[in-house]
Amino acid sequence: MGIIAWILIGLLAGIIAKMLMPGKDPGGIIVTILIGIAGGLLGGWLGKVIFGVDSIDGFFEISTWIAAIVGSLILLAVYRLFSRAAR
């Protein structure tokens with residue numbers, strides 16, 4: 001997948017993660033995109049390590065979206081934990 005596809009998946013996965021974990025976050029759209037992109041990579045890596053599958057197959061594959069959303073949820077939770085601890 002190209003960089004534009006990763007940014008689009010990251011944006012959407014980050015938005016979905018924020019919808020699944022409502023609450024105030026100190027980040028805007030850029031942080032959402034970065035958390036989503038990193039979450040997609042994390043989710044793909046976890047899928048490969050834990051389940052032994054290539055979960056980042058293609059843009060329209062459900063496994064790609066599930067991996068990106070799960071990874072984004074994990075990173076959003078970590079981000080919230082550290083942003084609250086920094087206050």
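I looked up arginine 80 and found its side chain at 2.3 Å from the backbone oxygen of methionine 21. I count this as a polar contact, meaning a pair of N or O atoms within 3.5 Å; within protein, one must be able to donate a hydrogen and the other to accept it, and residues adjacent in sequence count only if both atoms are side-chain atoms. The model is predicted: local features need pLDDT of at least 70 and side-chain atom pairs pLDDT 80 or more, while totals for chains, interfaces and linings use all residues. I number residues from 1 along each chain as its sequence is written, and side-chain values use heavy atoms, without hydrogens and water.

I placed arginine 80 in helix α3, residues 62–85 (helices are DSSP runs of H or I, at least four residues, numbered from the N terminus). Arginine 80 is buried, at 8% relative accessible area (buried is under 20%, exposed over 50%, partly exposed in between, with a 1.4 Å probe and protein chains only).

Isoleucine 74 is also in α3. I noted it as partly exposed, at 35%. Leaving out residues up to four places away in sequence, isoleucine 74 touches Leu42 and Leu46 (contact is heavy atoms within 4.5 Å). Its C-alpha atom is 8.8 Å from that of glycine 43, 31 residues apart along the chain.

I then checked the largest nonpolar core, which has five residues: Ile9, Ala13, Trp65, Ala68 and Ile69. Such a core joins buried Ala, Val, Leu, Ile, Met, Phe, Trp, Tyr and Cys residues through side-chain atoms within 4.5 Å. Helices α1 (3–20) and α3 each supply at least two of its residues; the largest share, three, is from α3.
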